[in-house]
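Hi,

Here is the structure I promised to pass on.

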Amino acid sequence: PLLQNAELGKRAPRWIRDNEVTMCMKCKEPFNALTRRRHHCRACGHVVCWKCSDYKAHLEYDGNKLNKVCKDCYHVIIGCTDSEEKKKKGILEIESAEVSGNSVICSFLQYMEKSKPWQKAWCVIPKQEALVLYMYGAPQDVKALATIPLLGYTVDDTPRSADLPHSFKLTQSKSVHSFAADNEELKQKWLKVIHLAVKGETPECQNE
């Protein structure tokens, strides 16, 4: 669990590992070859880009020494609030950790769009929006890459020869989304949820 605001700087945070994110956890800028410099905020432990780590604050747990912190923690620690935060987050801006912790189902699936190669995505169907599939690059990412409103899609669960073995497709007029699970059991769990969601019915939680 992330540190509450009152504890920022008083306790050492859990560091999110570099490989748990594909983008800055504050401004959502993807880490690529150019912006591959990743920094950790010494107050909340989030992985941030250089732009978002350009702040310093005295941290109690480190003997009040000046430490690199992210913009959000800087404002909390020096006691000024950021009115930006109050702006409503867009639909893609729901944090993965937040939805994964309160989801009907979540796991890694391989995903393929049109003729692009298969790629790994962290897929989540949140409880509060049980008819929408969110796709993230990694489990701790703070912004979804895409969302698919499942209502009205047709499910095709017979893989073609070119597909991965445990795959299934969602189709609606011209849009086709292909997914593949690592095993048959996981595929069936996803299908159980999706079969209900495409009909507009709320699925049961599969995460137990």
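Let's start with D72, which counts as partly exposed at 25% relative accessibility. For that scale, buried means under 20% relative accessible area, exposed means over 50%, and partly exposed is in between (1.4 Å probe, protein chains only). Before going on, bear in mind that this is a predicted model: local features need pLDDT of at least 70, side-chain atom pairs count only at pLDDT 80 or more, and totals for chains, interfaces and linings use all residues. Residues are numbered from 1 along each chain as its sequence is written, and side-chain values use heavy atoms, with hydrogens and water left out.

Back to D72: what does its side chain meet in a salt bridge? The partner is K26, at 3.4 Å, N to O. (A salt bridge here is a side-chain nitrogen of Lys or Arg within 4 Å of a carboxyl oxygen of Asp or Glu.) This pair links distant parts of the chain, with K26 in the segment before β1 (39-40) and D72 in helix α1, 46 residues apart. Helices (H or I, at least four residues) and strands (E, at least two) are DSSP runs, numbered from the N terminus. Like D72, which is partly exposed, K26 counts as partly exposed, at 21%.

The whole structure has five salt bridges. Another of them joins E113 and K116 (3.3 Å, N to O); E113 is partly exposed at 26%, while K116 is exposed at 51%. D163 and K169 form one too, with their closest N and O atoms 2.9 Å apart. Here D163 counts as buried at 15%, and K169 is also buried at 15%.

Helix α1 (residues 71-77) also holds Y74, which is partly exposed at 24%. Leaving out residues up to four places away in sequence, Y74 touches Y55, K56, A57 and V69; contact means heavy atoms within 4.5 Å. Y74 and K56 are 18 residues apart in sequence, yet 6.9 Å apart in space, C-alpha to C-alpha.

Now the sheet. Seven strands form an open, antiparallel sheet in the order β8-β7-β6-β5-β11-β10-β9, where two strands pair if DSSP finds at least two bridges between them. At the edges are β8 (146-149) and β9 (154-156), each pairing on one side only. Strands β5 (residues 103-113) and β6 (residues 119-126) pair over eight bridges, and S107 stands opposite C123 in β6. Helix α3 (residues 184-197) packs on the sheet, and its direction makes about 105° with that of β5. (Axes are lines fitted to C-alpha atoms, for helices over the stretch in contact, and angles run from 0 to 180 degrees between N-to-C directions.)

The largest nonpolar core has 25 residues, and C123, I125 and W190 are among those with the most contacts inside it. Such a core is a set of buried Ala, Val, Leu, Ile, Met, Phe, Trp, Tyr and Cys residues joined through side-chain atoms within 4.5 Å. Helix α3 gives the most to this core, with six residues. A second, separate core of 20 residues includes C41, C52, V69 and C73.

Last, the cysteines: how many disulfides are there? Zero, counting pairs of cysteine sulfur atoms within 2.5 Å. C49 is buried at 3%, and its sulfur is 3.7 Å from the closest cysteine sulfur, in C27, so that pair is too far apart for a bond.

Cheers
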